[in-house]
Amino acid sequence: MAILVDKHSKVMVQGITGGAGSFHTRRMIEYGTVIVGGTSPGKGGQIVEGKPVFDTVAECVKETGADTSVIFLPAPFVKEAAIEAIRAGLKFVVVIPEHIPIHDMLLVRKEAVAHGCTVLGGNTAGIITPGEANLGIMPDIAFTPGRVGTVSRSGSITYYIADTLTRTGYGETTCVGLGGDPILGSTFDEILWMFEQDEKTRAVVMTGEIGGVYEERACDTITKMETPVIAMIGGIFAPPGKRMGHAGAIVEGKMGTAKEKLEALAEAGAHPARTFLDIPEILKKLKV
Amino acid sequence: MRLYEHEGKELFARFKIPIPAGEIALNTDEAKKIATEIGLPVVLKSQVLTGGRGKAGGIKVVDSPQAAEIVAGELFRLKINGFPVEKILVEPKLNIARELYIGVTIDRVNYKLVVIASSEGGVDIEETAAKTPEKIYRRSFDIDQEMYGFEAITIAKGIGLDSELIKTGSAIISGLFKLFKKYDAKLAEINPLVVTTDGKLIAADSRVSLDDDAVFRHPELAEMGIEKRHEEGEMTPREQKATEWGIPYLDLDGNIGMFPGGAGFGIMGNDFIHYYGGKPANFMDSGGGPTPERLARMLVLLDENPEVKAIFGARFGGISRCDDFAKGVIMFLKDHGLSKPMVCRMTGNMWQEGVRLFDEAKKQNPELFRKFEFHGIETPIEEISKRAVELAREAEGGW
């Protein structure tokens, strides 16, 4: 099994005619992802990578049965695109672009909750269920089907974790990128709970970073989980008060330091890892 | 993106929030002239993009034009948390009877806007919230909700405004809420909101932070001179250069040059180097899908830094492609040459093509690659981190 996407997911691409949209559509198809079509207002009727293009999401859903969308559009257009997808009845929307205005994302989240839709991102590398579906921009090479789920704020960290799990023979069920933007469509606790309910996921690796509130928020969920959680937090040695890339990654006073996050997660029952190589060691001890 | 106090107040005025009649002085002559015009005594307020001005001596009251000139001169020589004082806001001194607090911010846990108000202003609101939570009034709103008049009145009453001030008080609260939504704010605070001895309400200070990512839809901000800005205090010359090139870069105090891909591993790689006994010289982020030119520039920043003894490179091709990465590194080697040892791991999207480009360039000019060690997916990133620490140690003659 897997969470959120699998080989039965019918995936559409919003912004399919754009440079990034068409390039990654081809890559996703090559991976085996079931891409059924896409949208680009004013370009309905065209064909991209062998898939039909529609003017609206509703038309695409009607004609193709799409149930999932990946958005490849500039940040200013994401609010409308995501709300269109949510209102057209899609159950899962992945927002790849970064720098989505915060107020826009608050509105998208509200719509998603009201319609029972899960949104990932913005600024996510996407989600992959190895061997079944790859949504977004993740490189195939790191991933192989297996028994550990991963959830992370950062694309590059997701790749390194999967790389380690693949090399040591554990493989992955699903790898989820939450995204690096300050306001996210989904949070650690929500994704962890999905993994808890997935029979095939025998353990979860979550990696967070300094700043923000999302890691601490996962603690309550971790205490309720039977599936073991391995936690890594980036920024233990980050200098206080300096901003390191991700918008969320700023330490202001004591709030949200990496050390405190890791301690809180460990207290909730997560197994802390320092480097990627610690992960297989912990999995071995847990007999995963 | 933090605004200067006077910019925040300009926005307040647009929403009919009363502000003192102040003006900006860019030099001591102007400070003297404004002080004379607006009536003494005046407050000289250093305009810096950081908190704690008062404690740092950045706010002074003076009661003569001569004093305004002298004190302004002292303030212009001041640096507050690394921010040099370049502008001074000159305002008439207020006669304060009471100080209140009103703020609007985002509750990221619940995805709501939250209005916070308190009868205790002029102090650190987080401290008040921790010590005397009963003095804090909170109310949440959805992003698409408006604030009705009765709600603003309820908040105004909640912080103890009596019948005479309730109308202006609630108008200020709803004005601040409108400002927050209209300008895509992350934070909008009036602290203190002053009740003067003659019974007027006035915003004595402003703290407004806007969402950089939404500035594009507020062209009127640029007309006011409000544009995207650097908010990290004084930059080192290298940070300045990186900013001009559009590269997120921070100088740190170690000796290992960090050349990672995304910000996530940029942060984590910093930790890894520490775990293996080294210290990074910098933080850097290539951004998604960097061009070869950008990557070559990133390496220039490291190679020309005398503190850097070895370079640690990591590339996991996602939206960034390994062939572009190889092109960038080769471009740098050819144009600039590598004066320090560098160890690098590359895998991910288009890695075969990246390897081919490296092999070909090396065949043509092996000398360029003399100090460059290159690894692929078979070597864990931890090994590369260790190797970088080793190389730096060797370059320093062992320690």
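Trainee: How many of chain A's residues count as buried?
Mentor: Of the 288 residues in chain A, 62% do. Buried means under 20% relative accessible area, exposed means over 50%, and partly exposed is in between, using a 1.4 Å probe and protein chains only. Keep in mind that this is a predicted model, where local features need pLDDT of at least 70, side-chain atom pairs count only at pLDDT 80 or more, and totals for chains, interfaces and linings use all residues. Residues are numbered from 1 along each chain as its sequence is written, chains are lettered from A and ligands numbered from 1 in the order in which they are written, and side-chain values use heavy atoms, leaving out hydrogens and water.

Trainee: OK, and what share of chain B is buried?
Mentor: For chain B it's 54% of the 399 residues.

Trainee: How many helices and strands does chain A have?
Mentor: Chain A has 10 helices and 14 strands. Helices (H or I, at least four residues) and strands (E, at least two) are DSSP runs, numbered from the N terminus. The radius of gyration of chain A is 18 Å, close to the 19 Å from the globule rule for 288 residues, so chain A is as compact as a globular protein of that length. That radius is taken over C-alpha atoms, and the rule is 2.2 Å times the number of residues to the power 0.38.

Trainee: And what's the radius of gyration of chain B?
Mentor: Chain B has 27 Å, whereas a compact globule of 399 residues would have a value near 21 Å. The C-alpha atoms of chain B fill a box of roughly 85 × 50 × 40 Å along the principal axes. Chain B holds 13 helices and 18 strands.

Trainee: Back to chain A. What order do the strands of its open sheet take?
Mentor: The seven strands run 9-8-11-10-12-13-14, with mixed pairing. Strand 9 (133-136) and strand 14 (271-272) of chain A stand at the edges with a single partner strand each, so one side of each has no neighbour in the sheet. Two strands pair if DSSP finds at least two bridges between them.

Trainee: How many bridges join strand 8 and strand 11 of chain A?
Mentor: Two bridges join strand 8 (residues 126-129) to strand 11 (residues 172-177) in chain A, and these strands run antiparallel. As for individual residues, Ile128(A) has Cys175(A) in strand 11 as its bridge partner.

Trainee: Switching to chain B: is strand 8 mostly covered or uncovered?
Mentor: Strand 8 (residues 112-118) of chain B is mostly covered, with six of its seven residues buried.

Trainee: Where are the cis peptide bonds?
Mentor: One joins Gly121(A) and Gly122(A), with omega about 0°. Gly122(A) is in the loop between strand 7 (118-120) and strand 8 of chain A. Another runs from Asn191(B) to Pro192(B), with omega near 5°, and Pro192(B) is in strand 10 (residues 185-196) of chain B.

Trainee: Last one: what does Trp245(B) touch?
Mentor: Leaving aside residues up to four places away in sequence, Trp245(B) touches Arg294(B), Arg297(B), Val300(B) and Leu301(B). Contact means heavy atoms within 4.5 Å. Trp245(B) and Arg294(B) are 49 residues apart in sequence and 8.1 Å apart from C-alpha to C-alpha. Trp245(B) is partly exposed, at 23% relative accessibility.
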